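The entry is shown below.

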Amino acid sequence: MEELLQYFDFSEVDRVTTKLAGADTVSFSDLFGLLIKGDFTGAYKLLVQELGQLFFPGITAFREILLTILGIGMVAMLLHYLAGFVKNKQVADMTAYFIYLFMMILLFRYVATMLSLSEQNLENLREFIAVLVPGYFLSVSLAGGSVAATVNYQFFLLLLVGIDYILLNLLLPCSKGCIYLAVMNGIDDRGRMKELIRLAERTLSFGIKLCLTVTVSVSTMQNLIASKLDGVQKSLLQRAIGSIPGIGDLSESMVQVFMGSAGLIRNTIGTAGMCMLFFIMVKPLFRIFCILAAMKLGGACLGLMGLKNLAAAVSQIGDGGIQILKINLCGLLVFYIAILMTMIIVRG
């Protein structure tokens, strides 16, 4: 086991993890060392001690957005009440439009924050996977899956390029379009943008499901075939070694111990990689969740105040935030599925 571990260098993974996660106390090497020894309690403590500090920015954003929405809602109710004493209806309409635009301008700042966090999050995902993949598939190759390692390595490279293009250049701009349409729909009393918003949301859901379906199907098919090819090669190698007179049984046992150790290293690298990937992405994901949760709750409160158009627009902007969150989770799940398929189907 110690001789096999000398082939792996996690310094680059540690550097990228420290840069992306923004924490010095958690490193990939430390987590890998605890997992390969079977110290799961220590691994949990290593991750949990940093998670608490990552949630404070999201809670602060939730409180700030909710107070902003409620404050503007109270001002809107007061102006609506005062406009009732004015005989000119245009004054009341202009007051309502002014409050609406003021609310949208403030919320767009948080929408821009969600989009920026999403773009950075997906880029962090790509950067971390790029440094993890070489070491991981080296362990897959040592575990007796040379064909599976080659096939999956190429698949991961294509996945990096595909996910980067689809999520960043297609689905994320589509979610931005949903938010803009929601703002325009709030101005229109007839709500003529509803069907267009629904179409955009269905397109986003279809794109996300398509990414997950393609990842599962392609990864499963190629791993099932590659694992059988590797199984035939390993079987031939073990029989050839076992047929050597005198030392055949001992050599075959050593080969099995070697492959078992390599399989343990492979599964540990994959598990540690998934844990660190979650640790890197959980802070921006939680912040995005807090922003959209504040918008949905604020929209519900505005509805109780009787501000229907304003409540509907704020709630629909929150729906756009939900789509942004789904896009980020899709990127995370795609690589989780690809790594898990390799760990489960390709056995050492």
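The term pLDDT denotes the predictor's confidence in each residue, on a scale from 0 to 100. The model is predicted, and the protein has an average pLDDT of 79, with 81% of the residues scoring at least 70.

**Confidence**
- Helix α10, residues 308-345, has the highest confidence in the protein, at a mean of 86.
- The lowest confidence is in helix α1, residues 2-5, where the mean is 67.
- Where pLDDT is low, predicted coordinates should not be read in detail.

**Cavity**
- The count is one cavity of 30 Å³ or more.
- The volume of the largest cavity is about 50 Å³.
- Its lining consists of Leu 122, Leu 125, Arg 126, Leu 160, Ile 163, Asp 164, Leu 167 and Phe 335.
- By class, six of these lining residues are nonpolar and two are charged, with no polar residue.
- Helices α6 (89-142) and α7 (146-187) each supply at least two residues of the lining.
- Helix α7 contributes the most to the lining of the largest cavity, with four residues.

**Thr 342**
- Thr 342 lies in helix α10.
- With a relative accessible area of 0%, Thr 342 counts as buried, because the cut-off for that class is under 20%.
- The side chain of Thr 342 comes to 2.9 Å from the backbone oxygen of Ala 338.
- Apart from neighbours within four places in sequence, Thr 342 is in contact with Tyr 136, Phe 137, Val 140, Asn 152 and Asn 223.

Note on methods. Residues numbered from 1 in each chain as written. Predicted model: local features only at pLDDT ≥ 70, side-chain atom pairs only at ≥ 80, totals over all residues. Heavy atoms only, no water. 1 Å grid on protein atoms, 1.4 Å probe; cavity = no way out; pocket = protein on both sides within 12 Å on 5 of 7 lines; lining within 4 Å. Points joined across faces, edges and corners; volume = space filled by probe spheres on them. Nonpolar A, V, L, I, M, F, W, Y, C, P; charged D, E, K, R; others polar. Buried < 20%, exposed > 50% of the residue type's maximum accessible area, 1.4 Å probe, protein only. Polar contact = N/O pair within 3.5 Å; in protein donor to acceptor, adjacent residues only side chain to side chain. Contact = heavy atoms within 4.5 Å.
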